[in-house]
Amino acid sequence: MVAANGDIRTSYREIADWLVSQPKGGLKQKARDAEAIFRRLGITFAVYGSNEANERLIPFDIVPRIISAAEWRKLERGIEQRVRAMNAFLHDIYHRQEIIRAGRVPEALILQNSAFCPQMIDQDPALGVYSHIIGVDLVRVAENEFYVLEDNLRTPSGVSYMIEDREAMMRLVPELFARYRVAPVEHYPENLRRTLQSVAPPNCAGDPTIVVLTPGIYNSAFFEHSFLADEMGVELCQGDDLYVDDGCVYMRTTQKPKRVDVIYRRIDDDFLDPLTFRPDSTLGVPGLFAAYRAGNVTIVNAPGTGIADDKAVYTYVPQIIEFYTGEKPILNNVPTYNCANDEERNYVLDHLEELVVKEVHGSGGYGMMVGPTSTRKMRAEFAKRIKARPNNYIVQPTLALSTCPTFIEKGIAPRHVDLRPFVLVGDRIRITPGGLTRVALKKGSLVVNSSQGGGTKDTWILED
Amino acid sequence: MEIAIEHSTVHIYEHPVRYGVQELRLTPPNTPSQQVLDWRIEMPGIEGAAKWFDAWGNLVHLVNQTREHSDLEIRVTGLVGTSDADGIIGELPNSPTPRIFVRETPLTRADRSLSAIAASLEGKHRDQIALYHALMEAIRERVEFDAGQTDMTTSAADALKSGHGVCQDFAHIFLSVCRRLDLPARYVTGYLVVREGDVGAEAQHAWVEADVAGLGWVGFDPANGICPDDHYVRLACGLDAADAAPIRGIRRGSGTDTLSVSVSVLKQTQQ
C-alpha cells in the first residue's frame, strides 16, 4: 500500500481515508459480519492431515487488495502470452516434440517425468486446447514487477472465493464501491460456460451438454464444484452418475439417459478412468478416456497437462515462451536452482537459511521449507533430503513479497500476499479482471496457502 | 505361411453383472511380415464398439454391455498370411517418435542387477543388432523359462532375481536393460505357431521390438532367443505388458469371475 518513498500509493488513498474514518470497533464489527456471511454461504475448506476441525472457514480480510488499471494491463498481456505458450508446449510434447529435438528442454525431463501422460500422445483435443482453466500464482515484488510462482494448469481451485469475496464486500462496504470503479468479476461462471461450450467435440450437434465431475463431498473443494455447477446451470456429477455406452458418455437422469459432451472434471488424471489410469479408482468413469480418444467427449482440462506445470519443467518456462511465441517473456519466472547440478546444489546447501525449498511433486504448501523462518533442525532435515534426491526439489530465493494492509486483532498491519488470477481458454482467451488474493496471516510469514492457515481478500482491479 | 487363429476368453460370473466395459487391443496390423486376410471379434456389444487408435498406433475397440449377464465370451477368429522378414517391422502407421519408448515404467524399472547387465553390454558390440542378440543370450543364461513362478504383476527386477519367468518376464527384462542404455524398446503381444523346442507352449506370446538405426523397429523374442519369423502374428505394442494388454475390463457386480482362455494357432496346410 505504501510506495518506496513512504507515500501512500494513489490507488490506496481512498481506502486509507476510509480506514481512518471508521468508528472505534467498527472494523471488528465488519470482520464479524463477514464471518457470518461466509458461514451462511457455507464456504468451507477441508484441511488434510488435521484430525480436529476437518472443515473450517478460510479467514477473510475486509481490506481489499487494489491493483491499478495500468498494472493489470501488463499482467493480462503477460498471462495471455504464458497460457498461449503453455498450450502450444502441451500440443508439441504430445505430438512431434520439436522442443526436445531443438534441444531447448532435456528429453529425460519430459519422457521420464511422472506428470507426462503417454496415453495422450497424438490425441487432438478440440481447438487444440489442453489447459482451458488456469490459475496463475503471481507475487508482486515492486511496482509493475510480478513474478510467476506456479502456473496451475491442472485443476486450479479458488475461483469461488474470488466471486464470494466480492459479494461479501459489496454487502459489507457498499460505500467503498462508490469511491472506486472496480472491474466486475461476477461474469466468470458465464464465461466458463461459454468456454466449455466452445470446446465441445466437433461431432456434437446442437447445444452441448456440460457437466461438472466432482470426487464428492469429502473433497476439500466440493463447495466450489457445486457452486460452479449451480452458477452455470449444469449438472454436478460423481463418477457413478456417468457411464460409457457405444463409445459415448451418458448421464443417468430420472428420465432417459442424456449424452454428455463436455466434462469439467475436478478429479485428478490418475482417478479419471480405471481402465486407462489407476485401476483401483472408484471416482472415475470406466471407458471415459476411450470415449475421449474416439472424439466423442471433451475432458477439461485435458489429461496430462501436469507436465507443463511440473516444478522441474518450471525452470524452462522462459525458454518455452520464447520457443513458441518468438517473444521475450513479459512476466518473470522466479530464478530457480537446479540441485542436480553440483555447483548449484553446494550453493543451496550453504544458503538454506535464505532460500525456499519446494518438493517437485508437492502442492498446497506441503513438503516445503521457507529458509528465513526455518529452524536449524528443519534445515538439517531438508539438506539431507536434497542430498538424497536432488531431482526431487527445486530451490528459489526468498522473494520480498509485497504486503497489503490487513485487519488483525490489534488493528491494521501489513501482511504478505500473492495473487491468483483465473484464465479461461477456449475459442478465445478470457481473463477475469480480479483473482484470489491469499494473505499470510502470521506476521512475517510468506506461506499463503489456505491449508497452512492463510486467508483471502477481495481483489480490486481498477478501471481507468 | 497362413496362420489360422482362434482365441476365446470366457468369463463366468458368480453373480449377474449389470454393466461391463472392455478395452480390446486384439486387432493385428499389416506389417512387412504379415498380411491380415480375415479377422473377426465376436462378443456382446461389439456392433456399437468405439474404435480408436491409441498413443502407440494400436487399433483399440471399446465394447460395453448394458444388459444384465452371467457370462461373457470374447471370441477372436482370423487368418493371417506371414513371411520371414528377419523381424524387421520398420515404421507402422500412427507410430509416435520411437524415443518415447525409453520411458521407464514400474514393471521395467532397472535395479542394480539389471543395470549391471546393461553395463556389461555397453560399448562391446559392433552394432545394435549384435547388442540385442547378446542381451537375449544374457537373459537366457540367467532366467529359466518356467510357468507358474511369476504373475502379471511381476517386475523385470523381481523376475531376474527369481531366475524364473515366462515370455512376459523375458520381455520386461529386455526392455529394462535397453531403456537403461537409453535405447528405445517396446513390448509386443501376439500369437505363435509353437514348434518343437519352442518355449511358450501356450500359443499366446509376448516379445519385444527395439529401434535400430536405419531399419526402424526390429522384433526380438528373448524367451526363444530369435527374431520373430513367419511363425509369429503380431497384435499390439506398448510400454510394458500392462500397457499393451490385449483385454482390459471392468464390471459392475460383486462375486468372483472364473476365467478360461483357449487359444489355437495353427499353420494352414496348403490345399
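Mentor: Strand β16 (residues 355–359) of chain A pairs with β18(A) in the antiparallel sense, over five bridges. Strands here are DSSP runs (E, at least two residues) and helices are too (H or I, at least four), numbered from the N terminus. Two strands pair if DSSP finds at least two bridges between them.

Trainee: What kind of model is it, and how are things labelled?
Mentor: This is a predicted model: local features need pLDDT of at least 70, side-chain atom pairs count only at pLDDT 80 or more, and totals for chains, interfaces and linings use all residues. Residues are numbered from 1 along each chain as its sequence is written, with chains lettered from A and ligands numbered from 1 in the order in which they are written.

Trainee: Back to the strands. Which residue in β18(A) is the bridge partner of A:Glu359?
Mentor: A:Tyr393.

Trainee: And which residue there is the bridge partner of A:Tyr337?
Mentor: A:Val395. Strand β15 (residues 337–338) of chain A also pairs with β18(A), antiparallel, over two bridges.

Trainee: Why is β18 of chain A largely enclosed by the rest of the structure?
Mentor: Because four of the five residues of that strand (393–397) are buried. Buried means 20 or more other C-beta atoms within 10 Å of a residue's own; exposed means 12 or fewer, partly exposed is in between, and C-beta atoms are placed from the backbone.

Trainee: What about B:Asp182: buried or exposed?
Mentor: Exposed, with 12 other C-beta atoms within 10 Å. Its phi is positive too, about 65 degrees, and B:Asp182 is not a glycine. Look in the loop between α4 (167–180) and β10 (185–192) of chain B.

Trainee: Where's the cis peptide bond, the one with omega near -15 degrees?
Mentor: From A:Val300 to A:Asn301. A:Asn301 lies in the loop between β13 (298–300) and α12 (311–314) of chain A.

Trainee: Last one. How many residues does the contact take from each chain?
Mentor: 24 from chain B and 22 from chain A. Contact means C-beta atoms, placed from the backbone, within 7 Å.

Notes. Contact = placed C-beta atoms within 7 Å.
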